[in-house]
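Welcome! Take a moment to look over the sequence and the 3D view, and then we can walk through a few features together.

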Amino acid sequence: MAITQDDLHSAAQLLASAASVREAAASWRASHPEQRVVVVDAMDMRGETAALRCGARSIYLATSTGHCWAITEQPEEATALILTQD
């Protein structure tokens, strides 16, 4: 399921207000079970461009056709959110 601009905006608000990145991910999963969200170390995303930055936290968009994951800057292509904290 594609990520909409509204989803991205809501995720950013949640990420900015949550006590931790893991708490934000758990809340997102609970309210959007049809979407994937993962938390990774910020170092794992070095060299990639975040879709949004929320202070020290970032949201990346990912897409997959089944086997491999790729970072995308296009929300309509994205099927998952990747959250990090510096």
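Which elements do the buried residues of α1 pack against? They pack against helix α2 (21–31) and the strands β2 (52–54), β3 (57–64) and β5 (80–85). Please keep in mind that this is a predicted model.

**Helix α1**

- Helix α1 runs over residues 5–17 and has 13 residues.
- From its first C-alpha to its last, α1 reaches 19 Å, close to the 18 Å expected at 1.5 Å a residue.

- The buried residues of α1 are D7, L8, A11, A12 and L15.
- An α-helix has 3.6 residues a turn, so residues three or four places apart point the same way.
- D6, A16 and S17 are exposed, and they sit on the face of α1 turned away from its buried side.

**A salt bridge**

- One salt bridge turns up in a search of the whole structure.
- Its partners are D86 and R53, whose side chains meet at 2.9 Å, N to O.
- D86 belongs to the segment after β5 and R53 to strand β2, so the pair ties together parts that are 33 residues apart in sequence.
- D86 is exposed, with a relative accessible area of 59%, while R53 counts as partly exposed at 47%.
- As a general point, side chains of opposite charge can pair when their charged atoms come close.

Definitions and conventions: Residues numbered from 1 in each chain as written. Predicted model: local features only at pLDDT ≥ 70, side-chain atom pairs only at ≥ 80, totals over all residues. Heavy atoms only, no water. Helix = DSSP H or I, 4+ residues; strand = E, 2+ residues; numbered from the N terminus. Expected span 1.5 Å × (residues − 1). Buried < 20%, exposed > 50% of the residue type's maximum accessible area, 1.4 Å probe, protein only. Contact = heavy atoms within 4.5 Å. Salt bridge = Lys/Arg side-chain N within 4 Å of Asp/Glu carboxyl O.
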